[in-house]
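Okay, thanks everyone, let me get the model up on the screen.

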Amino acid sequence: MLKKSVQVLAVTCLIVTGSSLSVSAAGEDTQGQIDGIMSALPKFAVPMREVGDRFQNMFYAAEGGNWALASYMSKYMDNAMNPAKITKPKEYPDWATFYKEEFAPVNNAIAAQDMATFTKEYTAVIASCNDCHAGMGYGFIKVVKLTSPPDQGIEYKLASKAVDVPK
Ligand code: HEC
């Protein structure tokens, strides 16, 4: 009985050792693949281009009374930064806090469809965008408001409600 248990234990050890060996071999390979995928994912610069465009579009959507489009631009401006959750885990929370706190008055004005408040908060938040740039060593990237939307292929003057954006 004891002998049998010892045998079972020995076989179990072999299986465990064997499988852990193959896991670590596969592990190195998997790590290499993960590193490869990570290096291909955007960090801050590429998503920030989208942030910049959506931010500018947002103004013309609001001005045109297309509040759903303004809300949509804000939502996807935030989502554009998602790759940085993985590629820049230390810096991403600064973006998350910015969007949740400093950008909230802009989002509230969109929800309220209040153009006067929107213009005020939108103008004010540009300084916060630039504060983060300066804080991260990119003081030479200074956001300025454009005089027309970067994306011309959308109708901005289209009446809609902020709540019209599908969840
Ligand atoms: C959490 C900090 C942070 C906040 C907040 C932030 N940015 Fe940036 N942004 C950066 C960093 C860092 C870069 C430089 C990218 C890099 O090299 O990694 C950048 C770059 C940019 C660029 C240049 C992208 C390019 O390569 O052409 C634009 C445009 C931009 N941001 C727009 C904005 C706008 C608009 C806002 C506000 C709505 C904003 N950013 C808020 C950190 C931030």
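Let's start with glycine 52, which sits in helix H2. Quick word on naming: helices (DSSP runs of H or I, at least four residues) and strands (E, at least two) are numbered from the N terminus. Glycine 52 is partly exposed, at a relative accessible area of 28%. The cut-offs there are under 20% for buried, over 50% for exposed and partly exposed in between, with a 1.4 Å probe and protein chains only. Its C-alpha is 8.1 Å from that of methionine 77, a residue 25 positions away along the chain.

Some housekeeping before I go on. Remember this is a predicted model: local features need pLDDT of at least 70 and side-chain atom pairs count only at pLDDT 80 or more, while totals for chains, interfaces and linings use all residues. Residues are numbered from 1 along each chain as its sequence is written, and side-chain values use heavy atoms, with hydrogens and water left out.

Now the overall fold. Of the 167 residues in the chain, 28% are buried.

What coordinates the iron atom of the ligand? Met48 through SD and His133 through NE2, at 2.0 to 2.4 Å. Donors here are N, O and S atoms within 2.8 Å of the metal (3.2 Å for Na, K and Ca), and because water is not among the atoms, sites may look incomplete. Methionine 48 belongs to helix H2 (residues 45-63) and histidine 133 to helix H7 (residues 115-135), so the pair ties together parts that are 85 residues apart in sequence. Histidine 133 is buried at 16% relative accessible area, whereas methionine 48 is partly exposed at 23%.

And why is the arrangement called octahedral? Because the six donor atoms around the iron subtend angles of 86 to 180°. The rule for six donors is that opposite ones are over 155 degrees apart and all others between 65 and 115. For reference, the ideal values for six octahedral donors are 90 or 180 degrees.

Next, salt bridges, meaning a side-chain nitrogen of Lys or Arg within 4 Å of a carboxyl oxygen of Asp or Glu. The count is two. In one of them, arginine 54 meets glutamate 50 at 2.9 Å, N to O. Both lie in helix H2, four residues apart, about one turn of the helix. Arginine 54 is buried at 18%, while glutamate 50 is partly exposed at 32%. There's also glutamate 121 with lysine 120, at 3.3 Å, N to O, and that lysine 120 is exposed at 57%.

Last stop: methionine 136, in the segment after H7 and partly exposed at 32% relative accessibility.

That's my tour, happy to take questions.

Methods:
Tetrahedral: all angles 85-135°; square planar, octahedral: opposite > 155°, others 65-115°.
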